[in-house]
Amino acid sequence: MTDSGHTINLLIAALGGEGGGVLTNWLIEAADRSGWQAQSTSLAGVAQRTGATIYYLEFFKRNADAPAPVMSLFPAQGDIDIAVTSEIAEAGRMLSRGFISPDKTTLISSDHRVYGITEKSATTDGTADPVVITELCSRYAQRFIHFDMLEVVQRCGTVISAALLGAIAGAQVLPFTKEVFVEVIAGGKGADANRKAFEECYQAAAGGGAKLVEPAAGFVLPSPTTAIGRVLIPRIAGFPSSCHEVLFHAAQRLVAYQDVHYATDYLTQLEQLLARDEGTDDYYLTRETARWLALWLAYEDIPRVAQLKLRPERESSIRAEVRAGVDQPLQVTEFFHPRVEEVAALLPKSLGERLLASATARRALGYVLGPRKLRTDTILVQLVLRGLASLRRWRRGSFGYAEERAMIDRWFDAVCSQTNTDMARALADCGRMVKGYGATRYRTTSRLMAIIDAVETGIAADAAAVRRLNETAMIGEESAPFDEAIAALG
Amino acid sequence: MAERSFKEEVKKLRAGDGDLFKGEGILAITKALLQSGVSYVGGYQGSPISHLMDVLNDAQDILGELGVHFEASGSEATAAAMLSASINYPLRGAVTWKSTVGTNVASDALSNLASAGVTGGAMVIVGEDYGEGASIMQERSYAFAMKAQMWLLDPRPNLTSIVDMVEKGFALSEASNTPIFYMMRIRGCHVTGEFLARDNVAPRYSNRSPVSPQREPEKIILPPYVYAQEREKIAQRLPAAIDFIRREQLNEVFAGKYEHLGIITCGGSYNTVIRALERQGLSDVYGNADIPIYCLNVAYPLIPDELVEFCVGKEQVLVLEEGQPEYIEQGIQTILRRRDVQTRVFGKDIMPMAGEYTGQVMLEGITRFVLASRRETVPLAMTLDTVLGRETPLSEEDIAALMNQLPPRPAGLCTGCPERPLFSAIKQLQQDMGPFHISSDIGCHSFATAEPFNLGNTIMGYGLSLASSSGMRHALPHKAISIMGDGGFWHNGLTSGVTSAVFNGHDGLLIIVDNGYSAATGGQDIPSLVEPNLIASTLDAERPKREQWQSIEDACRGAGVQWIRTVSTYNIESMKRTLREALTTDTAGLKVVIAEGECMLNRQRRVKPLIRKAIDEGQRVERARFYVDPATCTGDHGCIRLSGCPSLTIKENPDPLRIDPVSYVDNSCVGCGVCGENAHTAVLCPSFSRIDVIHNPSRADRVLQRARDRFRAWWRRRDERRQQALTL
């Protein structure tokens, strides 16, 4: 055996459709132009359809006098010099598989997130915590270069592969010059955008990657600027400062949703709770109850949806989102599905109840309701929406309001009446359950009422039981997990 | 038109003597076939050899110039049957498929081929789909090679060895009158590298120089010849093969200074062995190893004399073969015992029985093997503990913390996939009608068995869903439901499924997903789709007039199905109605719903250039995509649970009060319309809108837009004033 050097081993983990294959070919080309031999393998399989894909490359300096090197087709734990991942959870996955070695591996990753299906389909927040992953990667990689490459490529109008190549070049972990890398991405379509993303990421990686972001400053309650503000701000100021941010946004929302009285009533209600709050965890109980109470009070009925669809900043945010030019005509077709229930909710209490009870009236209304596509950019539909939004004036006398109010008060009273703070907090957290429209909203609110039933009848005797019910209630559409959890308690 | 085009790369196939050929394993194999003078090639796509079919398809010009005949076979059985051309005539031929599934489908023809024996070289290139990245159940093709007596080649995974072994394989096939399996592993198929090319060789017999028909009754698999064929396998073909393999040195022996040890490896694992030795300081990068290696480029049959020569005088050898049972190890033990060679054989006692021999597995195994020697101490760069520690540097605590944060990423349907609305419809229907038992099949639609649809109970094989529902249908509370792709339908489903179901009075529902291509394997064309690649009821097209079109509906009618409906998958309401009707109707017999919608990957490839061209030429074009209003979205994600589209994702909630992320449509949206359909049919929420961006607007567009803009601007100013007064 004669010792004559080793291969440089590079692993790429990308998601299907991100251009991992393109990146691999660029690297092979760069090696070739630099007098290095490259071998690559990949696992395509069905991974090309949204799954995670791994490419593996080995490089070896060409030598006309030596035989061909034997290169491995398998990335091996402890044998990876460079690991490149297109997304931070994939960096975590490579770490979990042992491909990141403290004595050897330079890890280069974009630190944006692409959410997996289980993260996306959770009824609440099922997302992974990139901070944990980033911390572990910086601890275990010999060098860890990471920054948000997605932001760069979106700005440059290209895909992540060009950014990754720039970062690899900038990290100076391969014995190829920058000029060679630039040459290999010079051709083909989108070359300009690629070059731009490459250059930015080259610089970012050469500079060591992301800088620590200063944590945002704490919220400071602003001084009042309007007559309404002069009424509400002093009252908010009366709450502990940890509640100010939520209360400020909440009051603002309720004024817009209904009127200033609606907001003062809200603050009055919370002052009752505050009087009972022992103040643990920076008045967690008051703050979180305030959050969910405000959101529930601003429940999405027809006038509210119409109001939101008319908000002034909406058009420009759509334009930015779909990347339409300033003058480019846009058509906005909304998918509405008003049901008899939503119409009944707008009527005065007695009328609403009668409508829901009458099969004839329901049938008649059924003809005009149901799935509707409305072009909300047109003048006519805008006027209709304005008419619907103005109905909010009569909201407090409506059937829908009476129904919501009854549930809101029941929940709020349940929170207020607990002597055990932990139990009160568990019930307050249940306010997060209230969301959705139509059947979803019916499901979430009725499960919340069932939890309160369970508390009142003593079935759910402690905070842990309430939290368990809350969790099962949020599993999704199927009723079995929640029903079983209730049954298990009783 | 397949997903990946090799139009440019196939030009390399014209390389001649001495040219340096650089490229992928798949391309190298094709080149080797041409250098071997094949007369015909065929096969059926499936990873990891899908691209081999794509290369052959794209290389038809070059094949034509040489007179090589190519067929995209209807199934692996079709492909295997092609090899019968080599029984009577000295025609070289090769077919390819995914194994072991394809080998199972082809087994009838293969067994008969192996019994009859061949005159011309016959080769089956099997993509051995085993280990990480595999998409099927895990079995070895080796078993089939043994029981049917076909030789199995497993060359070292560098392009030079890969190409050489194709050429030598044909010679071996002819020398021993036996068909050959040529095994390509997943990573070998996709390996890139280089080799020195040789000239292509035109086949001796082709459409230019036909054979003169001749009959050899002794090659027909009927009594009494079959008994003679069985004897001939043992008396003539096996000895001829052993003789050829030994003479031509198809297997390789690499010397090493520690002669008391030896490693016997399959060719496919050779590179991993060298890397493990290198990391232990027992080899250099060029493969000059300190431990002698016997490399089996021919994995079956074993060559007793060669084996004994290698083992005699050694204290111990290590046998390296992936998967189970350990056929090679057993074979080696038998030979050594019969010859009374006392070398100790290590194998599956220190290597894992199941799974791939990855770098780490190999390193651990070889380390254990070296440490087991009592005769002489071999210095190792790493202790066993160090090697075991290489598995992961993470502390147990950190592993637990990390695993909590890693989202699974199962393969799923692509953005805009026409199958998504079908499964949204079935999921909605299930919410009304109670839980379904569904017999699923092979194809993209099998992803519906995963999140977020969770639809489907069993998968029995390609095109076998309907057949697999037949034993279940009498014991289900609802009519049996089977889902099959158009690929599976043509492969096997029409005969095994539809014909048999009609014959047996099956009154269940068969949903045929007609997306126009063999989509899961990379978008290859299938009988029910020919140019100009348009499906009847996709988003943008009327059913075009097509010649040579083989209709799924006509095929079903021909097989006796009376109740057939064709529905566009994108119309969820209509799909729900049709499926409900099929499941509740009193009409007897099989109900077939053809769920139509063109594969979105293929469609995008087809229409994107057209749209770009239209925009560049100044034509008025509307481009649609969807948008979720973050102000009305409450973050329940019910829309995602009905869809799972990659472009329908989540983002941080812009609302300072809300905590849960909002649904969000990213810019990969192709505007297929499913989000809107779901919002309507499942009564989700008022957050979805379709945004049509108009390129090259007409005069009327501009006038209208200006009027609307002015109207909205006036109100906006008024709203902003009022909003100002309502702030704090």
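Me: Hi! Where is A:Glu353 found?
Reply: A:Glu353 sits in helix α16 of chain A, residues 349-357. Helices here are DSSP runs of H or I with at least four residues, strands are runs of E with at least two, and both are numbered from the N terminus. This is a predicted model, where local features need pLDDT of at least 70, side-chain atom pairs count only at pLDDT 80 or more, and totals for chains, interfaces and linings use all residues. Residues are numbered from 1 along each chain as its sequence is written, while chains are lettered from A and ligands numbered from 1 in the order in which they are written.

Me: Thanks! Why does A:Glu353 count as partly exposed?
Reply: Because A:Glu353 has 15 C-beta neighbours inside 10 Å. A residue is buried with 20 or more other C-beta atoms within 10 Å of its own, exposed with 12 or fewer, and partly exposed in between, with C-beta atoms placed from the backbone.

Me: And how many residues apart in sequence are A:Glu353 and A:Phe399?
Reply: They are 46 residues apart in sequence, with 7.2 Å from C-alpha to C-alpha in space.

Me: Which domains is chain A divided into?
Reply: Chain A has domain 1 (8-206), domain 2 (220-298), domain 3 (314-399) and domain 4 (418-490). The bounds come from an automatic or database domain assignment. Between the C-alpha centres of domain 3 and domain 4 of chain A there are 31 Å.

Me: Switching to chain B: how many helices and strands?
Reply: Chain B has 25 helices and 26 strands. Its C-alpha trace spans about 95 × 65 × 60 Å along the principal axes, and 52% of its 728 residues count as buried.

Me: What order do the strands take in the open sheet of seven strands in chain B?
Reply: The order is β3-β2-β4-β5-β7-β6-β12 in chain B, with mixed pairing. Two strands pair if DSSP finds at least two bridges between them. At the edges are β3 (69-72) and β12 (298-300) of chain B, each pairing on one side only. From one strand to the next, the twist averages 20°.

Me: How many bridges join β2 to β3 in chain B?
Reply: Four bridges join β2 (residues 40-43) of chain B to β3(B), and the two run parallel. B:Val41, for one, has B:Phe70 in β3(B) as its bridge partner.

Me: Which strands does helix α6 of chain B lie across?
Reply: Helix α6 (residues 101-116) of chain B lies across β4 (93-99) and β5 (122-128) of chain B, at about 145° to β4(B). Axes are lines fitted to C-alpha atoms, for helices over the stretch in contact, and angles run from 0 to 180 degrees between N-to-C directions. Contact here means C-beta atoms, placed from the backbone, within 7 Å.

Me: How many residues are in the largest nonpolar core?
Reply: That core has 280 residues, and B:Trp151 is among those with the most contacts inside it. A nonpolar core is a set of buried Ala, Val, Leu, Ile, Met, Phe, Trp, Tyr and Cys residues joined through C-beta atoms within 7 Å. Its largest share, nine residues, comes from helix α6 (residues 160-171) of chain A.

Me: Last one: how many residues does each chain give to the contact?
Reply: Chain A gives 115 residues and chain B gives 102 residues. Helix α10 (residues 244-257) of chain A supplies the largest share of the side of chain A that touches chain B, eight residues. Strand β7 (residues 330-336) of chain A is also joined by five bridges to strand β26 (residues 688-695) of chain B, running antiparallel.

Notes:
Contact = placed C-beta atoms within 7 Å.
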